[in-house]
Amino acid sequence: MVAAKILLPIDRTGDRSWKQALPVAVEQAIFSGAELHAVGVIPEIRKLAQREGFDLIVMASTKGDVPNCEMGPNLARVARNAPSWSFAAICVD
């Protein structure tokens with residue numbers, strides 16, 4: 001599946017995760033010719049993604065070391081509830 005709309009959640013309390021996810025999101029947008037949207041992390045990020053028709057959400061994990069990274073609660077919640085759109089998580093090293 002090639003994404004047409006990509007969502008990049010930005011955590012304003014710490015830049016480590018989005019700084020790692022941004023290059024991946026940009027690369028995917030360029031590869032697929034998709035729109036890339038950045039939005040502050042909100043509790044209803046998955047509902048926003050579904051409502052606005054995003055095909056891909058790119059988030060980073062900051063817990064654990066590559067290749068054994070762990071999902072934090074926000075990352076896990078989004079991944080768990082991703083029924084109709086793609087989700088990409090990357091490990092931060």
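Begin by selecting R51, which has 60% relative accessibility and therefore counts as exposed (over 50% relative accessible area; buried means under 20%, and partly exposed lies in between, with a 1.4 Å probe and protein chains only). The side chains of R51 and E52 form a salt bridge, with 3.4 Å from N to O. A salt bridge here is a side-chain nitrogen of Lys or Arg within 4 Å of a carboxyl oxygen of Asp or Glu. The structure contains 1 such bridge.

The model is a predicted one, in which local features need pLDDT of at least 70 and side-chain atom pairs count only at pLDDT 80 or more, whereas totals for chains, interfaces and linings use all residues. Residues are numbered from 1 along each chain as its sequence is written, and side-chain values rest on heavy atoms, with hydrogens and water left out.

**The whole chain**

Colour the chain by secondary structure. There are 3 helices and 4 strands, arranged from the N terminus as β-α-β-α-β-α-β. These elements are DSSP runs numbered from the N terminus: helices are H or I of at least four residues, and strands are E of at least two. The protein has 93 residues, of which 34% count as buried. Its accessible surface comes to about 5700 Å², with 51% belonging to carbon and sulfur atoms; the areas come from the Shrake-Rupley method with a 1.4 Å probe, and for residues only the protein chains shown count as cover. Of the contacts between residues at least 6 apart in sequence, 73% join residues at least 24 apart, a contact being heavy atoms within 4.5 Å.

**Confidence**

Next, colour by pLDDT, the predictor's confidence in each residue on a scale from 0 to 100. The mean for the protein is 77, and 73% of the residues reach 70 or more. Strand β2 (residues 35–40) has the highest confidence, at a mean of 91, and strand β4 (residues 86–91) the lowest, at 62. Where pLDDT is low, the predicted coordinates should not be read in detail.

**The interior**

Which residues make up the largest nonpolar core? Select A3, I6, L8, I10, A21, A25, A29, A34, L56, V58 and A60, 11 residues in all. At least two residues of this core come from each of β1 (5–10), α1 and β3 (56–61). A second, separate core has 10 residues, among them L7, V39, L48 and M59. Such a core is a set of buried Ala, Val, Leu, Ile, Met, Phe, Trp, Tyr and Cys residues joined through side-chain atoms within 4.5 Å. In soluble globular proteins, nonpolar side chains tend to be buried together.

Now centre on L8. Beyond residues up to four places away in sequence, L8 touches A21, L22, A25, L36, H37, A38, V39 and V58.

**A nonpolar surface patch**

Turn to the surface and select L22, V26, I30 and L36, a nonpolar patch with about 320 Å² of accessible area together. Patches consist of residues with over 30% relative accessible area and no salt bridge; like charges are joined within 9 Å, and nonpolar side chains (Val, Leu, Ile, Met, Phe, Trp, Tyr) within 5 Å. Helix α1 (residues 16–32) gives the most to the patch, with 3 residues. V26, which is found in helix α1, is partly exposed at 32% relative accessibility.

L36 lies in strand β2 and is partly exposed at 33% relative accessibility. Apart from residues up to four places away in sequence, L36 touches I6, L8, A25, V26 and A29. The C-alpha atoms of L36 and I6 are 4.8 Å apart, although 30 residues separate them along the chain.

Select W18 in helix α1; W18 is partly exposed, at a relative accessible area of 24%. Leaving aside neighbours within four places in sequence, W18 is in contact with P9, I10 and D11.

Then move to V41, in the loop between β2 and α2 (45–52). V41 is partly exposed at 37% relative accessibility. Not counting residues up to four places away in sequence, V41 touches P9, I10, D11 and N74. From V41 to R12, 29 residues apart in sequence, the C-alpha distance is 7.5 Å.

**The last stop**

Finish at P43: is this residue buried or exposed? P43, in the loop between β2 and α2, is exposed, with a relative accessible area of 71%. Its C-alpha atom is 9.6 Å from that of R77, 34 residues away along the chain.
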